[in-house]
Amino acid sequence: MSTERGTRPLESGIVRDFTGNLSYGRYLHLDELLAAQHPLSRPEHHDELLFVIQHQTSELWLKLALHELTTACDDLARDDLPLALKRLARVKHVQRQLIEQWSVLATLTPSEYGQFRGFLGTSSGFQSYQYRAVEFVLGNKNEAMLELFADDETARRILTEALDRPSLYDEFLRLLARRGHPVPDELLQRDVRAAHVEHPGLVEVFRAIYADPDRYWDVYETCEELVDIEENIQLWRFRHLKTVERTIGFRTGTGGSSGADFLRRALELTFFPELYSVRTAL
């Protein structure tokens, strides 16, 4: 077969007929996925597509993060720590994607965003139920958040399930207790629907683990994985804050929050406080 210079011919074994074969597009439902962007600005502003795709892709990554974190909880509950660590390692890579995405949205200038911001109405990233579910799974639980989703049955179901089950931290502490570490009973019997509150007795448990990492290597490694995940959450929050500041300054958020001030206060929230306190205690 003769070919023009620079043209790569299709190999003979490449499938060409998809009348009965599964194609890439059908497997991924690309017709639905690529038709799901519906900018509302009229006339349609060029940069609104960026805004929509940024948030839609974030929701896809959050779906995967939630999938991995929830399954990691199940792994810990059945004492399969190696598999849980595998899933947490994947979550960290997902988090890096989410963090880096802010650099794309940060190319949106205040003038450009202002051209279509008014069309967003009261919609806001604050209303992302998947992000709230991730926070719930990590232990930052707040039942009042369910009020935001009174008209969304799917969101309420997912958040209620995350609220009712032990968090990732709860499951890790239960695993430690089953291995003989003196985790305080009140932490093992606590109401899992409430946010975790720092306990000085748990700092002592982690002090013993950090003092002898060779003996407790796998749980020591898990502690550091949890610190990595929390740090990534904080980096994501910080990039969110800085992107908001550079696009709308200190204006009120579209969903009614105080905007940048609200995001700055979120930086004070922690998931695994004892894993930070132990560093001072060592």
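Colleague: Which side chain of opposite charge is nearest to Glu-48, and how far away is it?

Modeller: This is a predicted model, in which local features need pLDDT of at least 70, side-chain atom pairs count only at pLDDT 80 or more, and totals for chains, interfaces and linings use all residues. Residues are numbered from 1 along each chain as its sequence is written, and side-chain values use heavy atoms, with hydrogens and water left out. Glu-48 is buried yet has no salt bridge; buried means under 20% relative accessible area, exposed over 50%, and partly exposed in between (1.4 Å probe, protein chains only), while a salt bridge is a side-chain nitrogen of Lys or Arg within 4 Å of a carboxyl oxygen of Asp or Glu. With Lys and Arg counted as positive, Asp and Glu as negative, and His and the chain ends not counted, the nearest side chain of opposite charge to Glu-48 is Arg-42, 5.8 Å away.

Colleague: Which residues does Glu-48 touch, not counting residues up to four places away in sequence?

Modeller: Glu-48 lies in helix α3, residues 48-77; helices (H or I, at least four residues) and strands (E, at least two) are DSSP runs, numbered from the N terminus. Contact means heavy atoms within 4.5 Å. Beyond the excluded neighbours, Glu-48 touches Pro-39, Leu-40, Ser-41 and Phe-116.

Colleague: With which residue does Glu-68 form a salt bridge?

Modeller: Glu-68 is buried, with a relative accessible area of 4%. The closest N and O atoms of its salt bridge are 3.0 Å apart, and the partner is Arg-90. This pair links distant parts of the chain, 22 residues apart, with Glu-68 in helix α3 and Arg-90 in helix α4 (residues 81-105).

Colleague: How far apart are the closest N and O atoms in the salt bridge of Asp-218 with Arg-179?

Modeller: Asp-218 counts as partly exposed at 29% relative accessibility, and Arg-179 does so at 39%. In the salt bridge between Asp-218 and Arg-179, the closest N and O atoms are at a separation of 2.7 Å.

Colleague: Which residues are linked with Glu-245 in a network of salt bridges?

Modeller: The side chains of Glu-245 and Arg-264 meet in a salt bridge at 2.4 Å, N to O. Glu-245 lies in helix α11 and Arg-264 in helix α12 (residues 260-266), so this pair ties together parts that are 19 residues apart in sequence. Glu-245 is buried at 18% relative accessible area, whereas Arg-264 is partly exposed at 33%. The network links Glu-245 with Lys-242, Asp-261 and Arg-264.
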